[in-house]
Amino acid sequence: MPDAARITDVFPEPSPSSSTLGFEILALDMKAWTTRVRFDGKPEFRNPAGYIQGGFLAAMLDDTIGFLAGMKTAPNALPSTVDLHTTFLRPVRVGVVEVAARLSNIGRAMIFTQATLYDARGKEAARSTASLTINPVQAKPTL
Amino acid sequence: MDGFDPRTFFTDEAAPPAPKHLGWKLIDFDMDKGWVKIGFKPREAFLNFGGSVQGGFLTAMLDDTLGPAILVKAKRPLIVHTIDLHTHFLRPVGLGDVTVEGVCTKLGRSVAYTEAKLFDGAGNLCARATSSAMYSEVSGAANA
């Protein structure tokens with residue numbers, strides 16, 4: 001079974017935030033801990049200049065990072081993002097957006113990650129680093 | 001520069017799609033300090049698996065406060081391009097009104113430096129951001 005099919009073991013249904021962003025998994029490697037996710041840069045995410053507002057790009061980067069870290073910590077723990085540092089390299093138009101992420105360091109209490117966002121033409125448009133804590137699950141996550 | 005009034009510039013009708021989607025509303029501002037207070041309304045569509053607002057959407061709210069802080073400090077309309085945005089998430093945010101206070105700490109010749117704090121309805125500090133942005137004049141409106 002490809003790793004990507006295991007997404008439903010951990011996340012039976014997409015979270016509302018993922019649905020809003022148009023989350024669609026393209027690839028997942030649970031040995032190398034890398035993933036590639038497609039998002040939908042919707043017209044309602046535009047800023048005054050007509051490009052996708054940077055915060056929504058950060059939301060796509062965060063969604064990819066959170067998903068990959070969640071696949072790692074499941075089923076007994078959930079990751080929480082402590083910080084997210086995003087650099088915006090070029091503006092992104094409405095349309096398909098892709099994010100590639102990897103877990104660079106996996107510790108007992110923390111996970112450190114990197115993610116890159118590509119525009120519809122495959123150009124690198126934003127980059128994030130994030131750190132996440134690993135928290136034991138107290139209650140089943142609500143869907 | 002008496003020409004720039006945030007109350008008439010940042011109207012609900014003139015809001016671009018992204019802030020409109022986030023429920024953006026100007027609550028208060030101080031032009032001398034380059035300070036703004038903006039209200040947001042998280043939607044159910046922004047929630048993550050934990051039932052909290054996904055951090056990226058909080059980042060979007062912080063981003064949509066930092067830009068206006070730069071315009072208020074500059075006292076004129078500008079085109080703002082965020083260079084980087086670093087967010088710390090201090091506590092989860094549920095559904096309910098959110099307010100963000102942003103300040104333009106320094107308006108350089110081409111780069112503006114900003115800081116913002118995000119509060120939930122109970123007044124708890126939930127997220128913090130620092131950012132740098134490049135800015136340029138709106139063509140034909142340099143002296144507005």
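What follows is a chat about how the two chains of this predicted model fold and meet.

Modeller: Quick ground rules: residues are numbered from 1 along each chain as its sequence is written, and chains are lettered from A in the order in which they are written. As this is a predicted model, local features need pLDDT of at least 70 and side-chain atom pairs count only at pLDDT 80 or more, while totals for chains, interfaces and linings use all residues.

Biologist: What makes chain A as compact as a globular protein of its length?

Modeller: The radius of gyration, taken over C-alpha atoms, is set against the globule rule, 2.2 Å times the number of residues to the power 0.38. Chain A has 15 Å, close to the 15 Å the rule gives for 143 residues, so it passes as that compact.

Biologist: Which residues get called buried?

Modeller: Those with 20 or more other C-beta atoms, placed from the backbone, within 10 Å of their own. In chain A, 40% of the 143 residues are buried.

Biologist: How do you know which residues of chain B are in contact with chain A?

Modeller: Two residues are in contact if their C-beta atoms, placed from the backbone, lie within 7 Å. By that test, 31 residues of chain B touch 35 residues of chain A.

Biologist: And what makes strand 3 of chain A and strand 3 of chain B a pair?

Modeller: Strands are DSSP runs of E, at least two residues, numbered from the N terminus. Two of them pair if DSSP finds at least two bridges between them. Here five bridges join the two strands, which run antiparallel, so they count as paired. A:D83 stands opposite B:H88 there.

How values were computed
Helix = DSSP H or I, 4+ residues; strand = E, 2+ residues; numbered from the N terminus. Buried ≥ 20, exposed ≤ 12 C-beta atoms within 10 Å, placed from the backbone.
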